[in-house]
Amino acid sequence: MKSTPLSLIAGVVALAAVTGFAALTVPGDDGATEAKAAARLPVERSSLLCPAPSTSDLAETTYTSFTPVAKDGPKDGTAELKAAEALPADEDEDEPADGKTGGADDKADADDKKKTDADDKEKAADTKPVVSLKDLGKPVTAETSKSGAPALVGTATDRFAPGWTTQQTTTAAAGGARGLLGVSCTAPDTDFWFPGASTGASRQDYVHLTNPDDTAAVADIELYGAEGPLKSDVGEGITVPARSSVPLLISTLTGEAAENVTVHVTTRSGRVGAVVSAAEDEVGSDWLAASADPAGTQILPGIPADATSVRLVAFAPGEDDADVKVQLLGKNGTFSPAGNDTLHIKSQMTASVDLKNVTRGEPGSLRLTPTDGSRTPVVAALRVVRGTGAKQEVAFIPATGPVGERATVADNRAKGSVLSLTAPGKTAKVKVTASAGSEGGEAAVKTYTVKGGTTLEVTPEAPAGLKGGYALTVETESGGPVHAARTLTIPEGGIGMFTVQTLQDDGGTVEVPEAEQDLSVLDD
């Protein structure tokens, strides 16, 4: 038997750290070597995509990028977000195409070349990083008020990859898209569900598709209303050019107006980041992030205590109908909303229910569980309104998975950040770390116990000497799963503009199988 080179073993470990999967067969062993219990190693590469923030001249956008401190790992690495605009290839301009030289043609060519050079310089500037991390545990921010600012694509490597997160927060003080629009930049994928969108006359919803790769992606968009699929002749075969972003007005994809719509985005080739921007006349605007993958049980955390209107939108993507129990996990326990304790969701049809001011002055989270034991998978989201009349503001809360080992949300301010922690099962203990500020301050750590079946709302302990913004990292220490959301509120023009971001396990580590044999010492 020949020796197995150490470089091969290292390559398998690296592959697992990047892709989450690796397999190794010992030469001559016919695959008989079995893996021991898998070890967990930090990922070595992460990707994030941020949608184009706004076309409004009155909008101001802040990007906040952050990677938590790691106990050990590589010392090198980068984390950068750049404009999603590829620089065009240089063209050969040595000779005019028609072979003419001199005179007016030369002057015209020279003028064209000057213009081309100026355009290339402007585009080259767009290839510089918009946000670039320098240190672990300290966020970096960047701002823009540029109308039509581009989408961003980014990659983190080595020490910056595990747990890398970026928040995009836009304040639009006036206009049809007035509001506080917040979104955690997403990883590229091939399948997204967005219950809670709309093609109604009062809504202007766009689905943003961003392609991080060097080849074009092809996507399909399916729409489902209360009566089933909405007819669309233009939702198939949508090309998203390499390293580019395409916004699509959802109402133009169908001729049918529907107040509550579920949007399903898939790719035939390539991968994209997908998120929906929703603007509602006289109510406000925000981003609608994708729901957790279809599952029998879904948790929607972080309904504000002062919510004046809460609408649940759910969808069953399979062939079977779903009957779910609707429960609010409140401050002191679990209860079902009066008159809305169950919801029937027909297959391939979007269901909705107005829960009104369901929290009644206390923070809460919603839990959907099957009533008949069938565990028919569903996706879900909440449309949440605070305020009344001309001072209304809207946000969306998608169903989300637990924080798991660790989850982070960036762009927290000295005032206005509230953290919601929900334990749908057993009582749990979590550690919450407020990072150093982007411009100064020392990290603060506090531990919270969340009783089973309740929601705990806390105002995070800000870093000592805080300057700038900071990140919040939640880590599960013991007990059952915990789901979390952060509400950020910024007063503007007498309106409490707000946005809600859910926190999900950051996937900072992956399992790597350990070979039963020491492959480095195998000889002939």
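## About the model

This is a predicted model, so to speak of local features we need pLDDT of at least 70, side-chain atom pairs count only at pLDDT 80 or more, and totals for chains, interfaces and linings use all residues. Residues are numbered from 1 along each chain as its sequence is written, and side-chain values use heavy atoms, with hydrogens and water left out.

## The chain as a whole

The accessible surface is about 23,800 Å², and carbon and sulfur atoms own 49% of that; areas come from the Shrake-Rupley method with a 1.4 Å probe, and for residues only the protein chains shown count as cover.

As for contacts (heavy atoms within 4.5 Å), take those with a separation of 6 or more: 82% are between residues 24 or more positions apart.

## The disulfide

Searching the whole structure turns up one disulfide, a pair of cysteine sulfur atoms within 2.5 Å. Cys50 is joined to Cys185, with S to S at 2.0 Å. The two cysteines sit 135 residues apart, Cys50 in strand β2 (residues 45-50) and Cys185 in the loop between β9 (179-184) and β10 (191-197).

The torsion about the S-S bond is about 110 degrees, so this disulfide is right-handed. Are its cysteines buried or exposed? Cys50 is buried at 0% relative accessibility, and Cys185 is buried at 7%.

Terms used
Helices (H or I, at least four residues) and strands (E, at least two) are DSSP runs, numbered from the N terminus. Buried means under 20% relative accessible area, exposed over 50%, partly exposed in between (1.4 Å probe, protein chains only).
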